[in-house]
Amino acid sequence: MKKFLKSFIYSFNGLSYAFRTQLSFRVHCLAAVLVVLLGLYFKLNSYEWLWIAIAIAVVVILELVNTAIEILVDLVSPEQNPKAGAIKDVASAAVLIGGLMALVIGLIIFVPKLI
Ligand SMILES: Nc1ncnc2c1ncn2[C@@H]1O[C@H](COP(=O)(O)OP(=O)(O)OP(=O)(O)O)[C@@H](O)[C@H]1O
């Protein structure tokens, strides 16, 4: 049980690290809070909340994995290396695609309510 609780603390340490060091993570968290407030304002139905929850989770998960990959690359390749750069670029592209998907979901749900 103690080990289980400790693993939660490690996970929160990871969240805290990403929040403190990554501007894009903070921006995405802020966007998530704004979207939730907008969802409460427009009284989304459970189906719409499900899509919003998936969109937020996908972006946050990708941001965390991208941060972990950046740290790993900096650890194993502190010097410039084209492969190290490519790894970071590919991980960053994953965040971009996830973010675009979240944007499309947000537009599909909120645009009809705004017009
Ligand atoms: N070791 C390296 N070798 C070659 N290119 C690198 C290396 N590290 C970073 N780069 C290139 O520089 C870009 C930016 O790297 P950086 O580590 O600043 O990432 P970032 O996404 O800006 O991270 P942060 O969110 O910490 O600012 C990478 O996407 C990659 O193209």
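Colleague: Which residues are around the ligand?
Modeller: In this predicted model, the residues around the ligand are Gln22, Glu70, Ser77, Gln80, Asn81, Ala84, Gly85, Lys88, Asp89 and Ser92.

Colleague: Which element gives the most to that shell?
Modeller: Helix H4 does, with 5 residues.

Colleague: And how many are nonpolar, polar and charged?
Modeller: The shell has 6 polar residues, 3 charged ones and 1 nonpolar.

Colleague: Let's take Lys88. Where is it found?
Modeller: Lys88 is in helix H4, which covers residues 82-114.

Colleague: What does Lys88 touch?
Modeller: Leaving out residues up to four places away in sequence, Lys88 touches Ile69, Glu70 and Val73. Glu70 is also in the shell around the ligand.

Colleague: Is Lys88 buried, exposed or partly exposed, and why?
Modeller: Lys88 has 17 other C-beta atoms within 10 Å, so it counts as partly exposed. Buried would take 20 or more, and exposed 12 or fewer.

Colleague: Now the annotations. Where does UniProt place "binding site"?
Modeller: The unreviewed UniProt entry places one such feature at Tyr10, Glu70, Lys88 and Asp89. Those positions spread over 80 residues of sequence. They are spread in space as well, with up to 26.9 Å between C-alpha atoms.

Colleague: Where is Tyr10 found?
Modeller: Tyr10 is found in helix H1, residues 2-21. It counts as exposed, because it has 8 C-beta neighbours inside 10 Å.

Colleague: What about H1 as a whole, buried or in the open?
Modeller: Of the 20 residues of H1, the number buried is 1, so the helix lies largely in the open.

Colleague: How far apart are the end C-alpha atoms of H1, and what should the helix span?
Modeller: The ends are 29 Å apart. At 1.5 Å a residue, the 20 residues of H1 should span 28 Å, so the two values agree.

Colleague: Change of topic. Which residue does the "active site" annotation cover?
Modeller: That annotation, from the unreviewed UniProt entry, covers Glu63. Glu63 is placed in helix H3, residues 46-76.

Colleague: Is Glu63 buried or exposed?
Modeller: Glu63 is buried, because 23 other C-beta atoms lie within 10 Å.

Colleague: Which residues does Glu63 touch?
Modeller: Not counting residues up to four places away in sequence, Glu63 touches Ala18, Gln22, Ser24, Phe25, His28 and Val95. Gln22 also belongs to the shell around the ligand.

Colleague: Which residues carry the other "binding site" feature?
Modeller: The unreviewed UniProt entry places that feature at Glu63 and Ser92. They are spread over 30 residues of sequence, yet they cluster in space. Their largest C-alpha distance is 8.4 Å.

Colleague: Where is Ser92, and how exposed?
Modeller: Ser92 sits in helix H4. It is partly exposed, because 14 other C-beta atoms lie within 10 Å. Ser92 is also one of the residues around the ligand.

Colleague: What about confidence? What pLDDT does the chain average?
Modeller: The chain averages a pLDDT of 96, and 100% of the residues score at least 70.

Colleague: Where is confidence lowest, and where highest?
Modeller: In the chain, confidence is lowest in H1, at a mean of 93. H3 is highest, at 98.

Colleague: What ipTM and pTM does the model score?
Modeller: The ipTM is 0.89 and the pTM is 0.92.

Terms used. Residues are numbered from 1 along each chain as its sequence is written. This is a predicted model: local features need pLDDT of at least 70, side-chain atom pairs count only at pLDDT 80 or more; totals for chains, interfaces and linings use all residues. UniProt positions are given in the numbering used here, feature names are shortened, and annotations may be inferred rather than shown by experiment. Helices (H or I, at least four residues) and strands (E, at least two) are DSSP runs, numbered from the N terminus. Two residues are in contact if their C-beta atoms, placed from the backbone, lie within 7 Å. A residue is near a molecule or strand if its C-beta atom, placed from the backbone, lies within 6 Å of it. Ala, Val, Leu, Ile, Met, Phe, Trp, Tyr, Cys and Pro count as nonpolar, Asp, Glu, Lys and Arg as charged, and the others, Gly among them, as polar. The expected span of a helix is 1.5 Å times one less than its number of residues. pLDDT is the predictor's confidence in each residue, from 0 to 100.
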